[in-house]
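Colleague: I have some questions about this model before I set anything up. Could we go through it together?

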Amino acid sequence: MNILVTGAKGFVGRNLCENLKNIRDGKNRTRPALCVENVFEYDLDTDPALLDEYCAKADFVFNLAGVNRPKEQSEFMQGNFGFASTLLDTLKKHGNTCPVMLSSSIQATLIGRYGQSDYGKSKLAGEELFFAYAKETGAPVLVYRFPNLFGKWCRPNYNSAVATFCHNTAHDLPLTVNDPATELELLYIDDLVEEMLDALEGHPHRCDYDGLAPIFGQDGRYCAAPVTHKVTLGEIVALLDAFKAQPATLQMPEIPAGSLAKKLYSTYLSYLPKEKAAFSLKQNTDARGSFTELLKTENCGQFSVNVSLPGITKGQHWHNTKWEFFIVVSGHGLIQQRRVDSDEVLKFEVWGDKPTAVQMLPGYTHNIINLSDSENLVTVMWANELFDPGHPDTFGLPV
C-alpha cells in the first residue's frame, strides 16, 4: 500500500509515520497482513506539486493537517477547511476513491464550552465536507473526533496541557492549575496510532455521539479510538510530582499495564533534559565491598546490587517472611542456606557467565561468599518487600 500522510511533521503525523516505516521496513511484525510499500509525507514545507503525485498513487490517506493556534481566527477555516478541500479535489481529479481519514476534534460537537469555538466550527465544516465527498464519490471516509492527545513529541506550551505539564515538571518550571478538579479525557498517542493502523487494515472502531461521548457501533457515522482516560488536572500533577521525585526516592509509582500512569510516565520521560536522563545512586561501602539500592516499587519489592571483595563473606542472616533472589552477574561465588532449626546446608556455586537466580528462602539463614582471590563478586538482588528500618525482619545467624 501507498500511504499519504498530510501534516506529517505534526505530533500525530510524526508518530504515525515512524510506525508506518517500521512496518514498511519489517521492524514491526505485529501486523503480518499489513503491507506498507511507500509512506508519502506531506507538510507545510513540502513542494505543493507533490500533492498531485501522492494523490494519484495513494491507497489510503490520513489527513492530519490542520491549524491549532493561528494568528487570526479566520485562519481556522482556511487551514482546517481550505486544505481539506484542496486534498479532496486533488483525489477527485485522479479518480482516486481510496479511503480517507480525517482528524477532527471533539470541539466539532459545539457542545458546552465548545459552543462558540471557531476551531470547532472549522472542524465541523471539514467533517461535513468529507461526508459530502463520500456521498459524491463513494470513497470510504473515516472521521475521528480526537479528545485531548498526549504522548512523546507533543509540543509544550501549544495546545496540550499534558505536554506543557510534563515539559515544565521535567525542566523545574512552575505549573499553572486554575482548578485541580477540572477533568480531561485523554487519548494516548500509541493508542491512537494502533487505532489508525486498525483503520488501515479495514476495521476501524465506528461510533456515533451522545453529546461528547462516543457510542460504538459498526454502522456509526464517526470513528474513535476505544481506549481513553478521564483524569483531573490535580491527579496529573500528583503523578508528575511522584515521577519527578523518583531519582531521589528510588520509588517507582504503581504503573499497571494499560494504565494512565504508565503512559504518562513514558510521556514525562520523553521531556527530560540530558542532565536528568542519568542520576547518581548512593553507594554504601565498607571493608567488605559495597551495597547500592537501584529501584523500589510500591508493591513488588526493591532491586539492589551487591559487590563483595575477594574472599569476603556477606549475609549470615535470615528472615521470617521476606524472601530474595540473588543473581551473580560477575565473578565466582558460593551461596549457602540453612534452615535455622536444621544442620543441613544447601550450597549453590554461581558464576557471572552462567547467570542463575537463587532464591533466599524464608526461615533459612544465608550467605554469599566470594570464592575468587582477585575478582570482585557482583550480585543483583531482588527483595519482595521494601526495607523497613522499624521492622527489618532480618536476624543475624551464621550459616
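Modeller: Let me start with Ile 368, which, apart from its neighbours within four places in sequence, is in contact (heavy atoms within 4.5 Å) with Ile 312, Thr 313, Lys 314, Phe 326, Val 328, Leu 334, Ile 335, Leu 377 and Thr 379. Please keep in mind that this is a predicted model, in which local features need pLDDT of at least 70 and side-chain atom pairs count only at pLDDT 80 or more, while totals for chains, interfaces and linings use all residues. Residues are numbered from 1 along each chain as its sequence is written, and side-chain values use heavy atoms, with hydrogens and water left out.

Colleague: OK, and which strand does Ile 368 lie in?

Modeller: Ile 368 belongs to strand β21, residues 364–370, where strands (E, at least two residues) and helices (H or I, at least four) are DSSP runs numbered from the N terminus. With a relative accessible area of 1%, Ile 368 is buried; that term means under 20% relative accessible area, against over 50% for exposed and in between for partly exposed, with a 1.4 Å probe and protein chains only.

Colleague: How far apart in space are Ile 368 and Gly 315?

Modeller: Their C-alpha atoms are 6.3 Å apart, although 53 residues separate Ile 368 from Gly 315 in sequence.

Colleague: Switching to helices, at what angle do the axes of α5 and α8 cross?

Modeller: The axes of α5 (residues 161–170) and α8 (residues 260–269) cross at roughly 55° and come within 9 Å; these axes are lines fitted to C-alpha atoms over the stretch in contact, with angles from 0 to 180 degrees between N-to-C directions. That angle makes α5 oblique to α8, because under 35 degrees counts as roughly parallel, over 145 as roughly antiparallel, 65 to 115 as roughly perpendicular and the rest as oblique.

Colleague: Which residues make that contact?

Modeller: From α5 the contact uses Val 162, Cys 166, Thr 169 and Ala 170, and from α8 it uses Leu 264, Thr 267 and Tyr 268. By class, five residues in the contact of α5 with α8 are nonpolar, two are polar and none is charged, where Ala, Val, Leu, Ile, Met, Phe, Trp, Tyr, Cys and Pro count as nonpolar, Asp, Glu, Lys and Arg as charged, and the others, Gly among them, as polar.

Colleague: And how many residues of α5 are buried?

Modeller: Nine of the ten are buried, so α5 is largely enclosed by the rest of the structure. The cover over these buried residues includes β6 (148–150), β7 (183–188), α7 (233–249) and α8. After α5 comes Asp 172, which has a positive phi near 60°.

Colleague: You mentioned α7, so what span should its 17 residues have?

Modeller: They should span 24 Å at 1.5 Å a residue, and the end C-alpha atoms of α7 are 24 Å apart, which agrees; the expected span is 1.5 Å times one less than the number of residues. Among the buried residues of α7 are Leu 233, Ile 236, Val 237 and Leu 240. α7 is followed by Leu 250, with a positive phi near 65°.

Colleague: Last one: is Thr 6 buried or exposed?

Modeller: Thr 6 counts as buried, because its relative accessibility is 0%. Thr 6 sits in strand β1, residues 2–6, and beyond its neighbours within four places in sequence, its contacts include Tyr 42, Phe 62, Phe 83 and Leu 87.
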